[in-house]
Amino acid sequence: MSSKRVVWNEEACIGCRLCQVHCVTAHSRFPGDVLKAFKLDPQRPVPRLVVEETGPLSFALSCRQCEEPECVKSCLTGALGIDRQTGTVKVEEARCIGCWTCVVACPYGAIRAGAGDHPVASKCDLCGETRSVPACVEFCPNEALRVEERGV
Amino acid sequence: MALSMRVPSYQVHRNPQRCIDCQVCVRQCTYGVHAWDEDFQAVVADDAKCVNCHRCVVFCPTGALAVTPAPHTFVPNANWRSDDLREVYLQAETGGTLLVGMGNDRPYKIFWDHLLLNASQVTNPSIDPLREPVEVKTLLGRKPDALHLSGGGLQEPLPPELELEVPIMFSAMSFGSVSLNTQKSLARAAVEEGTYWNCGEGGLHPDVLPYAHRAIVQVASGRFGVSVDYLNAGAAVEIKIGQGAKPGIGGHLPGEKVGDEVSRTRMIPLGSDAISPAPHHDIYSIEDLRQLINSLKEATQHRKPVGVKIAAVHNVAAIASGSVRAGADFLVIDGFRGGTGAAPLRIRDNVGIPIELALAAVDSRLREEGIRNHASLVVSGGIRNSADVIKAIALGADAVNIATAALIALGCHMCQMCYRGRCTWGIATTDAALTKRVNPDIGARRAANLLRAWKHEIKEMLGGMGINAIESLRGNRLALRGIGLSERELRILGVSAAGE
């Protein structure tokens, strides 16, 4: 089994945060339309990556898809787990109770509390269900993000 | 502080129905135009700071932004244009020389647009470059007066030459005037496409040494970064006498741009102004130039062509002739539309002559004197597309240099603010954060694409003329006709009028 994750090149990241805009769009009710995602979706999701920035250094951090994830270990309800097919760390939203233990447990700070009426843990899912290439990777204007495939 | 009497030149239009408050524009603008306002809970714009660089327009994910000329007008006046007033207001405030970046933007006649190319019809067949080879390889350097053969080979080795797969090189742009990533992009594109880039007067940074075999290294009046290793690292040496954007003027890289890397590469103290004097202090005659050319040839064991770059000025043909007689293996002539990172506005807009006229005058003069084969001619300053390239070659150039076009390929939107060091496109800056805006992987790809696209078009135009090698077009002014030109202009250009 191999698994994928999004990796960054901090030499090319310019801190524009378009990755966040397109992440939000890809996970909204209007996955192909930035304008509608931001203007019409009352349950607009939070971005699933964080742009870390200090001086000239910046990079877009998202789930590292750990092989032994702290978030999975910490999850009270078993909502977090590793997908057997893809090897990615997934949230089963119906089981998530919004306790945010995973948010605290993640050593990278890559999980965020979600938004909306039923807020659940929000983390990078590699846009698995909607796109072949994650939106952040496709729309990074400076090609600072790419998908890395690892053998497991 | 007294009121500034200046008015904004541009207006930023934000469509509130499309703005999603993502603040990408705020982060991309380096001139402080866009800002998030806590009280309004909205992104606001300060039009007065806008330089119309289009960075925000291109980056806005919803197309919410547009920049237009400011709607207010000065009272129309054919004598006092709005620019004239703006410049007086600014100088009355600052008392300073007006600075500007890029090339002359005044509406002087563009002779390229008054020259038309020929094509084959009936009596000679045109060539389809997709079916038959069309050769555009170009060799630059001194060509011997005659070849002497003995024992199945040449008696004497040929003088050193540069081999170009396409007759287009990148003009000199120093690390400092442009970012290292810009230099890397062009260097990699030059290596990939088999042509040359030019490191300008800024030395060779260790990061670009892998591309030095395709570099022309410059020796200019400041002699920054020059060492024997530097001279021998490049493919050729170019003595820079002048630059089309500012003939007769030296260079001035302000101390704030001289950071760690620039200081090391130029071999000057950190934070010191890098001043290239207007003249070379050891060149006051053609004889002095000859001495420097010979010194550089000695330092490179006569293995590399040594060229001279001059600005196109009134007496260019005589100066070119003198430079060739002084031993230059190639001449670079930079017309008055050539770009720059910073030049005094009055110099840029009023000094020098168009490259088309200079080229025709120099080529004719060198032919008349029987020394055209002693040096190759490279022209620059306002080459906008492949048609300009091919017209330049028909007028007598061996190759052209491009810089403005190359920077546009990398993202430059010609706002002419290079001298401020805040280039939003990451090109004319040494700021560590802004430099990252040019990803050399993307930059190299785009610059190489431009060269390839022009190469295809050149082959297409050559084929149309029934010419299968660019060598056959070189200096062939019969391939050109002038339109909308006076008798005198036609005579200087050495071309017949359309219909003749």
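Strands here are DSSP runs of at least two residues, numbered from the N terminus. Keep in mind as you browse these views that the model is predicted.

View 1. Is B:Leu99 buried, exposed or partly exposed? Because it has 17 C-beta neighbours inside 10 Å, B:Leu99 counts as partly exposed; a buried residue would need 20 or more. Setting aside the neighbours within four places in sequence, B:Leu99 is in contact with B:Ala342, B:Pro344, B:Leu345 and B:Tyr419. For a sense of scale, look also for B:Phe224, which is 125 residues from B:Leu99 along the chain, with 23 Å between the C-alpha atoms of the two.

**View 2. Strand β21 of chain B and its two partners.** Here we turn to β21(B), made of residues 399-402, which is covered on both faces. On one side sit B:Ala399 and B:Asn401, on the other B:Val400 and B:Ile402, and all four are buried. Which strands pair with β21(B)? One is β11(B), residues 168-170, which runs parallel to β21(B) and is joined to it by three bridges. In this pairing, B:Ile168 stands opposite B:Val400. The other is β20(B), residues 376-380, also parallel to β21(B) and joined to it by two bridges. There, B:Val378 has B:Ala399 as its bridge partner.

**View 3. From strand to helix to strand in chain B.** Follow the chain from β20(B) through helix α11(B), residues 386-395, and on to β21(B). Together these elements make a β-α-β unit, and the unit is right-handed.

**View 4. Two helices of chain B packed together.** Helix α8(B), residues 316-325, packs against helix α10(B), residues 355-368, at an angle of about 50°. Their axes are 8 Å apart. That angle makes α8(B) oblique to α10(B), and the crossing of the pair is right-handed. Which residues meet here? From α8(B) come B:Val316, B:Ala317, B:Ala320, B:Ser321 and B:Val324. They meet B:Ala358, B:Ala361, B:Val362, B:Arg365 and B:Leu366 of α10(B).

**View 5. Where chain A touches chain B.** The contact takes 16 residues from chain A and 16 residues from chain B. On the chain A side, the elements giving two or more residues are α1 (18-26) and α2 (34-40). Of the elements on that side, α2(A) gives the most, with four residues.

Definitions and conventions. Residues are numbered from 1 along each chain as its sequence is written. Chains are lettered from A and ligands numbered from 1 in the order in which they are written. This is a predicted model: local features need pLDDT of at least 70, side-chain atom pairs count only at pLDDT 80 or more; totals for chains, interfaces and linings use all residues. A residue is buried if 20 or more other C-beta atoms lie within 10 Å of its own, exposed if 12 or fewer, and partly exposed in between; C-beta atoms are placed from the backbone. Two strands pair if DSSP finds at least two bridges between them. A crossover is right-handed if, with the strands pointing away from the viewer, the path from the first strand over the helix to the second runs clockwise. Axes are lines fitted to C-alpha atoms, for helices over the stretch in contact, and angles run from 0 to 180 degrees between N-to-C directions. Angles under 35 degrees count as roughly parallel, over 145 as roughly antiparallel, 65 to 115 as roughly perpendicular and the rest as oblique. A crossing is left-handed if the near helix is turned anticlockwise from the far one by less than a right angle, and right-handed if clockwise. Two residues are in contact if their C-beta atoms, placed from the backbone, lie within 7 Å.
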